[in-house]
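Let's take a friendly walk through the packing and the charge pairs of a protein chain. Have a look at the sequence and the model, and keep both open as you read.

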Amino acid sequence: MATNLVNVESVGKVYGTRALLDGVSLGVNEGDRIGVVGRNGDGKTTLIRILAKLEPADDGRVTHAGGLRLGVLTQHDSLDPAATVRHEVIGDLADHEWAGDAKIRDVLTGLFGGLDLPGFPQGLDTVIGPLSGGERRRIALAQLLIAEQDLIVLDEPTNHLDVEGISWLAGHLRARRSGLVVVTHDRWFLDQVCTRMWDVQRGAVHEYEGGYSDYVFARAERERIAAGEEAKRQNMMRKELAWLRRGAPARTSKPRFRIEAANALIADVPPPRDSAELMKFANSRLGKTVFDLEDVTVTAGPKVLLTHLTWQLGPGDRIGLVGVNGAGKTSLLRALAEAARSEGEQQPAGGRVVVGRTVRLAYLSQEVTELDRNLRVLEAVEQIRQRVDLGKGREMTASQLCEKFGFTKEKQWTPVGDLSGGERRRLQILRLLMDEPNVLFLDEPTNDLDIETLTQLEDLLDGWPGSLVVISHDRYFLERTTDRVLALLGDATLRMLPRGVDEYLERRQRALAAAAPAAAAPAKQKTGEQAARQRSAADQRAAKKELQRIERRLDRINEQESGLHARIAEHATDFTKVAELDTQLRELTGERDELETRWLELADDA
């Protein structure tokens, strides 16, 4: 029987007048891998913080097994900005010790792309303070995964990881024995890793067996039974289930839900997109030319990212763009956007971009556009337009589109300044769609969006007639919204991948395997002088750490001596007690003398 690690009993949590959790009782057993889903603001993060005892519950209690080794990744790290990556991740281990540990090597390679931390200015000796939030996030995750844990609690671990990093993390967590509770909107990751799901809704937590695909089916079936009528069955969950059953069969290995029941539930649900109809409509809106690139060179400062690129984005094309960090995905979109804004007058560093005359481009960048904080949500959307044409005679008002994106009637009158990061992201996408573009560039559109909002966005894009280019580390979103995948592999070229993200990962693994022997050869040729310098640097770091330890101990000894002198004065007439205290004082004095001698020796080395 599996050991119970954490028990949550009748837990309640209220913020203001809203009950995020109401009488929730749950348990986490040894070996459980639990995914936590729900809308932003419904209490997912609050639940796992209470479960990890980082935040108290208003009611109920949380019990941890005795001696539980718990590792938690929160959305805000506690790394020392003055410390180096080496200090926070590897600690006091000598180079030969950590380099000989397969687990440490695997974590460093998986999260950073190599043992020398390519991309960090001084590798392992990079100081943490100046690093970006994404880099700090990976350091905190590495620190957690290197340690031995009974239970790991992760809040959005895939944020700031690329497709390769997410694939590695999924494999690493599957191979670990420790229990896992993870909050994430990455549905591919949930399907790969989790064996149970918790759905946080309106103060309650519903439990489901299996990964994300099983959860979608079970929830759709539960809602069908609860509703009892066909009208209530027409919801996004059924459409997503149709995608899961009819889409890429390799999404899950042998889905655990009942195939016959799933097929019966979606029998009358049409395919996600009528590609032929959308292509016909896109041609009527865009003509034959959207973007034609001829022998184009794309640069970022002095760095050349793409050369001799000849490519055509046609009407109705739905392209997913993947690639290594720094390969030029965002730079390519920016170059095309600049050409569109200048009506073809602004050209890249080399070559020529031809822009169609009818192109109306909307570009969602990774940065959230700043809006007037005093504007209401509905006002910010109606600033663009009050109604939007979705094609084929379908029309929506600004208020209806707001509701489709999770802004209820009441929420539509919330000031923009009071919105969360995810809500501002939703509003940004809304404003883009209200402008009726016929070409969409989406750069990491899934950032800060919960799963329900993502399914609503996917549903909206299903019927959107135009050309679409998506950069995303969310494999599920890419597969769901695009028809072809192109890759930038870091060799200044753009390649089509018939088998999508799986093919991209295979190519990257082959490239890394081929590069490994070449990188190892120079390392073996290090001179004795270089090795000595490395040892010297390591000795200096060790000396500094020991100096700091000695200084802390000397401070404590001074405090203890002061206390003993006070007690000797207090018991001046009790000769037995004075003799006992005097012995303790002499021991402290002897320890202090030894520490001061050692301090002087180390001060010369450091």
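## Reading burial

A residue counts as buried when its relative accessible area is under 20%, as exposed when that area is over 50%, and as partly exposed in between. Glu 55 has a relative accessible area of 15%, so this residue is buried. Please bear in mind that the model is a predicted one.

What does Glu 55 pair with? Its partner is Arg 49: the two side chains form a salt bridge, 3.1 Å from N to O. Arg 49 has a relative accessibility of 28%, which makes it partly exposed, whereas Glu 55 is buried at 15%. Side chains of opposite charge can pair when their charged atoms come close.

## Salt bridges between helices

Another salt bridge joins the side chains of Arg 475 and Asp 502, at 2.6 Å from N to O. Arg 475 sits in helix α17 (residues 475-481) and Asp 502 in helix α18 (residues 500-524), so this pair ties together parts that are 27 residues apart in sequence. Is Arg 475 buried or exposed? With a relative accessible area of 6%, Arg 475 is buried, while Asp 502 is partly exposed at 36%.

Glu 591 is partly exposed, at 27% relative accessibility.

## Nonpolar cores

Now for the nonpolar side of the picture. The largest nonpolar core has 72 residues, and the members that touch the most others are Phe 291, Leu 293, Trp 311, Leu 427 and Tyr 504. Helix α15 (residues 421-434) provides the largest share of this core, with six residues. There is also a second, separate core of 46 residues, with Leu 79, Trp 98, Ile 104 and Leu 169 among them.

Which residues does Tyr 504 contact beyond its neighbours within four places in sequence? They are Val 163, Glu 164, Val 322, Gly 323, Val 324, Ala 487, Leu 489 and Leu 497.

Note on methods: Residues are numbered from 1 along each chain as its sequence is written. This is a predicted model: local features need pLDDT of at least 70, side-chain atom pairs count only at pLDDT 80 or more; totals for chains, interfaces and linings use all residues. Side-chain values use heavy atoms; hydrogens and water are left out. A nonpolar core is a set of buried Ala, Val, Leu, Ile, Met, Phe, Trp, Tyr and Cys residues joined through side-chain atoms within 4.5 Å. Buried means under 20% relative accessible area, exposed over 50%, partly exposed in between (1.4 Å probe, protein chains only). Helices (H or I, at least four residues) and strands (E, at least two) are DSSP runs, numbered from the N terminus. Contact means heavy atoms within 4.5 Å. A salt bridge is a side-chain nitrogen of Lys or Arg within 4 Å of a carboxyl oxygen of Asp or Glu.
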